[in-house]
Amino acid sequence: MTKVVLRSLPFAFDASVPFQWQPENPNFGVFCNSFTFFAVPFERYIVAVVRELSKRIDDDEVAAEADVFLKQEAQHASAHRKHMIALIEQYPGLDQVYRETNRMFDELRAAHPLEYHLAYIANIEATFTPLMTVFLDNRDSLFAGGDRRVASLMMWHFVEEIEHRSSALILSRYLTPSPWYRVKRLKSIFDHVNQVMMAIVQGFDHHVPLADRGGVTAVAALTSGLFAGELKRRLPFVPTSVGAEGVPSVFHAVPARSIAKMMWKLALSQTPKHDPATHPLPDWVQLWMEEYERGTDMTAFFGAPPAPSPSINR
């Protein structure tokens, strides 16, 4: 069984949390906000699917795996919900974005059998280790200078996703032993993910003023090519910015070799015999866990102190 520590961290967010919490890398700030708005309905979906699976499990070890996976994901959803609510309080139209993403996941659940949903979760979770390894390995260019409340939330979530990296695949393989089942559903699954993400960023552009987004067009940040596009921007005479606003791309400071390695591992993560447990972990994951064990306040572990609220200055 996957070794998982259940950590209930007292994250707190209010109206002083800016939408653009990462002025030093605004496209990454918007990307992480879209991650929050995806995470809450996705993890609600995970909880519903795993609870349904639990009724069919007659293996004690798999049942224990499902239990810890469900509990950890429920904690992630709770923390991201606090961040999301703080943003909705500032921009009420974003509640419509949240409702729309929930609707999309509800319709997905109604349209497919349990086997499909477990494959969906396993495929998405399989991408997290290579993707979040790059996030953590390049934390200075991505998180440093950003509001530490949001930065610490994201880093906690990324560490724990790597911690339970095998859980979803174990559950999917329990119900569907064929290694090809989830591969055959690959296009359908990621088409749905892209539709949800597009609904989120379109909502950001519609409901949040450009200035509050840090001059970032959220749709451009999502569609400009986070991976292949980043490699292309390393070529001579290709702009390193995203969108007409000229804001540097999310991974502008990440070495091309790291991006290429991540893309290769993302591709491998969707192959039938993929085992996330064999993926080497970033050294920083162990550092984070050691600091947690020491009693460090992990809700403010990385990033910059919150900027003074304009209302306080008045």
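**Contacts, helices and salt bridges**

Visitor: Leaving aside neighbours within four places in sequence, which residues is Thr176 in contact with?
Guide: Thr176 is in contact with Glu115 and Tyr181, once those sequence neighbours are set aside. Bear in mind that this is a predicted model.

Visitor: Where is Thr176 found?
Guide: Thr176 is found in the loop between helix H7 (167–175) and helix H8 (181–184).

Visitor: And is Thr176 buried or exposed?
Guide: Thr176 is buried, because its relative accessible area is 12%, and the cut-off for buried is under 20%.

Visitor: OK, what about H7? Which of its residues are buried?
Guide: Ser167, Ala168, Leu169, Leu171, Ser172 and Leu175 are the buried ones in H7.

Visitor: What do the buried residues of H7 pack against?
Guide: They pack against four helices: helix H1 (26–54), H2, helix H4 (114–137) and H8.

Visitor: Which residues does His117 touch, not counting residues up to four places away in sequence?
Guide: With those left out, His117 touches Tyr45, Val49, Leu108, Arg109 and His112.

Visitor: Switching to charges. How many salt bridges does a search of the whole structure find?
Guide: The search of the whole structure gives 14 salt bridges.

Visitor: Let's go through a few. Which side chain does Arg99 meet in a salt bridge?
Guide: Arg99 meets the side chain of Asp95, with 2.7 Å from N to O.

Visitor: Where do Arg99 and Asp95 lie?
Guide: Both lie in helix H3 (residues 94–111), four residues apart, about one turn of the helix.

Visitor: Why does Asp95 count as partly exposed, and why is Arg99 exposed?
Guide: Asp95 counts as partly exposed because it is at 23% relative accessibility. Arg99 is exposed because its relative accessible area is 58%, and the exposed class begins over 50%.

Visitor: Next one: what does Asp191 form a salt bridge with?
Guide: Asp191 pairs with Lys187, and the closest N and O atoms are 2.8 Å apart.

Visitor: Why are Asp191 and Lys187 separated by about one helical turn?
Guide: Because they are four residues apart in helix H9 (residues 186–207).

Visitor: Which side chain does Arg149 meet in a salt bridge?
Guide: Arg149 meets Asp147, again with an N to O value, 2.7 Å.

Visitor: Is Arg149 buried or exposed? And Asp147, buried or exposed?
Guide: Arg149 counts as buried, because it sits at 14% relative accessibility. Asp147 counts as buried as well, at 6% relative accessibility.

Visitor: Which residues are linked in a network of salt bridges?
Guide: Arg7, Glu160 and Glu163 are linked in one.

Visitor: Which residues gather in a patch of negative charge on the surface?
Guide: That patch brings together Asp58, Asp59, Asp60 and Glu61.

Visitor: Pick Asp60: where is it found?
Guide: Asp60 is found in helix H2 (residues 60–90). At 69% relative accessibility, Asp60 counts as exposed.

Visitor: New topic, pairs that are apart in sequence. How many residues apart are Lys232 and Ala256 in sequence, and what about space?
Guide: Lys232 and Ala256 are 24 residues apart in sequence and 9.4 Å apart in space, C-alpha to C-alpha. Lys232 is in helix H11 (residues 228–232), and with a relative accessible area of 53% it is exposed.

Visitor: And where is the place of Arg233?
Guide: Arg233 is in the loop between H11 and strand S1 (241–242). At 10% relative accessibility, Arg233 counts as buried. Between Arg233 and Ser249 there are 8.9 Å in space, C-alpha to C-alpha, and the two are 16 residues apart in sequence.

Visitor: Last one: how many residues apart in sequence are Asp140 and Met289?
Guide: They are 149 residues apart in sequence and 18 Å apart in space, C-alpha to C-alpha. Asp140 has its place in helix H5 (residues 139–142), and a relative accessible area of 55% makes Asp140 exposed.

Conventions. Residues numbered from 1 in each chain as written. Predicted model: local features only at pLDDT ≥ 70, side-chain atom pairs only at ≥ 80, totals over all residues. Heavy atoms only, no water. Patch = residues over 30% accessible without salt bridge, like charges linked within 9 Å, V, L, I, M, F, W, Y side chains within 5 Å. Areas by Shrake-Rupley, 256 points an atom, 1.4 Å probe, with all protein chains shown as cover. Salt bridge = Lys/Arg side-chain N within 4 Å of Asp/Glu carboxyl O. Lys, Arg positive; Asp, Glu negative; His and termini not counted. Charge placed at Lys NZ, Arg CZ, Asp CG, Glu CD. Helix = DSSP H or I, 4+ residues; strand = E, 2+ residues; numbered from the N terminus. Buried < 20%, exposed > 50% of the residue type's maximum accessible area, 1.4 Å probe, protein only. Contact = heavy atoms within 4.5 Å.
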